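Reader: I would like to learn how to read a few features of a model, starting with strand pairing. Please give the general idea each time, then the case at hand.

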Amino acid sequence: MQKTSARLLSLLSLLQARRDWPGALLAQRLDISPRTVRRDVDRLRELGYPVVAFKGPDGGYRLDAGAELPPLLFDDEQAVALAVALQSAAGSGAGTEEAAARALTTVRQVMPARLRHRIDALRITAVQQPDAGTDAVAGGVLVTLGAAVHAQEVLRFDYATPGLTEEGPGRPPAANPPRRAEPHHLVTRAGRWYLVAWDLDREDWRTFRVDRITPRIPTGPRFARRELPGGADVAAFVAGRFRGAGDSGEWPCRGEVILDLPASVVSRHVRDGLVEALGPDRCRLALGSWSWSGLASLIGRFDADIEVIAPPELREAFARLARRYAAAAGPVAAAHVARGGEGESAR
């Protein structure tokens with residue numbers, strides 16, 4: 001039989017692994033009597049662990065939530081995952097960077113040497129956007145919004161609009177009139193937090209930047225959760241909104257071209273496009289963007305000849321860009337044309 005201290009740690013680990021444990025099963029797993037299980041549960045309670053007993057045919061125990069966070073046990077995989085998540089928190093924009101660094105130090109100090117070496121060998125640098133310093137979100141705001149999402153309660157908040165300032169120097173950005181919305185999801189994208197909600201005043205879906213939200217307390221009445229347009233999941237919905245595609249989730253501008261490059265080269269630089277090999281050094285590319293000029297620019301980054309398949313709008317966008325680039329190049333472009341070019345074209 002294990003010593004009492006080791007047995008208590010084993011019991012705590014089991015209680016953390018699942019919600020309800022029949023007393024007889026705990027006794028069997030620990031190879032002790034039900035009476036010893038009861039005594040060990042009392043010892044855990046004395047140490048501050050909120051272990052509650054439940055009645056029933058298989059009466060047993062449950063590790064419940066308490067007023068304070070007691071010490072926790074993690075297996076090797078959980079400890080490594082926790083350390084990786086804490087290192088990544090610097091780029092989350094959640095305003096918890098300092099707390100995450102302190103928590104990582106605490107976790108690392110109590111790790112076995114074998115795990116500490118694995119964590120020390122894995123150094124993660126979170127690279128933020130250039131303006132990420134202005135996008136920090138207070139942890140309390142995230143908690144408030146998350147609670148409203150979970151409780152399905154109407155959220156009242158002020159929403160700041162950049163560029164609108166009160167008269168006089170040094171004034172902060174002005175806020176629009178208070179908004180009312182049914183909050184549905186909190187999402188993070190490219191280092192920023194967003195709230196997906198049904199705007200009650202505009203009667204439409206909106207995606208709000210959380211760093212511009214100032215919640216008003218208390219929240220409003222409960223609401224019945226709506227489905228996202230088209231039954232889309234929240235990731236597809238947000239991606240579609242950022243594409244400028246509305247509720248369809250598709251890019252508003254899509255085109256097809258043939259590039260004089262191997263498909264293996266093109267596919268490395270295309271996220272959601274389709275690449276089809278037409279030979280060792282040619283491929284077909286179907287790609288989308290928020291505008292025809294934007295699509296032509298994306299395709300033009302490939303250092304290869306381009307043949308436009310469809311649609312005509314894409315061909316016209318290449319022509320517009322060609323005129324702009326030629327004007328920007330000035331005399332250099334004229335000299336290039338006089339030499340007959342160097343094989344670069346958009347046929």
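Author: Two strands count as paired if DSSP finds at least two bridges between them. The model here is predicted. In it, the bridge partner of A53 in strand β3 is Y61.

Reader: How many bridges join β2 and β3, and in which sense do the strands pair?

Author: β2 and β3 (residues 60–63) are joined by four bridges, and the sense is antiparallel.

Reader: In what order do the strands of this sheet come?

Author: The order is β1-β3-β2, in an open sheet of three strands with antiparallel pairing. β1 (20–22) and β2 (51–54) each have a single partner strand, so they stand at the edges and one side of each lacks a neighbour in the sheet. From one strand to the next, the twist averages 30°.

Reader: Which strands does helix α1 lie across?

Author: Helix α1 (residues 4–17) lies across β1, β2 and β3, and runs at about 80° to β3. Helix α2 (residues 23–30) lies across β1 and β3, with an angle of about 80° to β1.

Reader: Next, aromatic pairs. What describes a pair of rings?

Author: The distance of the centres and the angle of the planes describe a pair of aromatic rings. This structure holds four such pairs. In one of them, F157 and F208, the ring centres are 5.2 Å apart and the planes stand at 80°; planes over 60 degrees apart count as edge-to-face, so this pair is edge-to-face.

Reader: Which strands hold F157 and F208?

Author: F157 belongs to strand β4 (residues 155–165) and F208 to strand β8 (residues 204–209), so the pair ties together parts 51 residues apart in sequence. Both F157 and F208 are buried. Ring pairs also bring in Y159, giving a cluster of F157, Y159 and F208.

Reader: What is the geometry of the pair formed by W198 and W205?

Author: W198 and W205 are edge-to-face, at 5.7 Å centre to centre with 80° between the planes. W198 has a relative accessible area of 15% and is buried; W205, at 5%, is buried.

Reader: Last, a residue in a loop. Is V270 buried or exposed?

Author: Buried means under 20% relative accessible area. V270 has 12%, so it counts as buried. V270 sits in the loop between α9 (263–267) and β11 (274–279).

Reader: Which residues is V270 in contact with, beyond its neighbours within four places in sequence?

Author: V270 is in contact with V275, L285, L287 and F302.

Technical notes: Residues are numbered from 1 along each chain as its sequence is written. This is a predicted model: local features need pLDDT of at least 70, side-chain atom pairs count only at pLDDT 80 or more; totals for chains, interfaces and linings use all residues. Side-chain values use heavy atoms; hydrogens and water are left out. Helices (H or I, at least four residues) and strands (E, at least two) are DSSP runs, numbered from the N terminus. Buried means under 20% relative accessible area, exposed over 50%, partly exposed in between (1.4 Å probe, protein chains only). Contact means heavy atoms within 4.5 Å. Rings of Phe, Tyr and Trp (its six-membered ring) pair if their centres lie within 6.5 Å; planes under 30 degrees apart count as stacked, over 60 as edge-to-face and the rest as tilted. Axes are lines fitted to C-alpha atoms, for helices over the stretch in contact, and angles run from 0 to 180 degrees between N-to-C directions.
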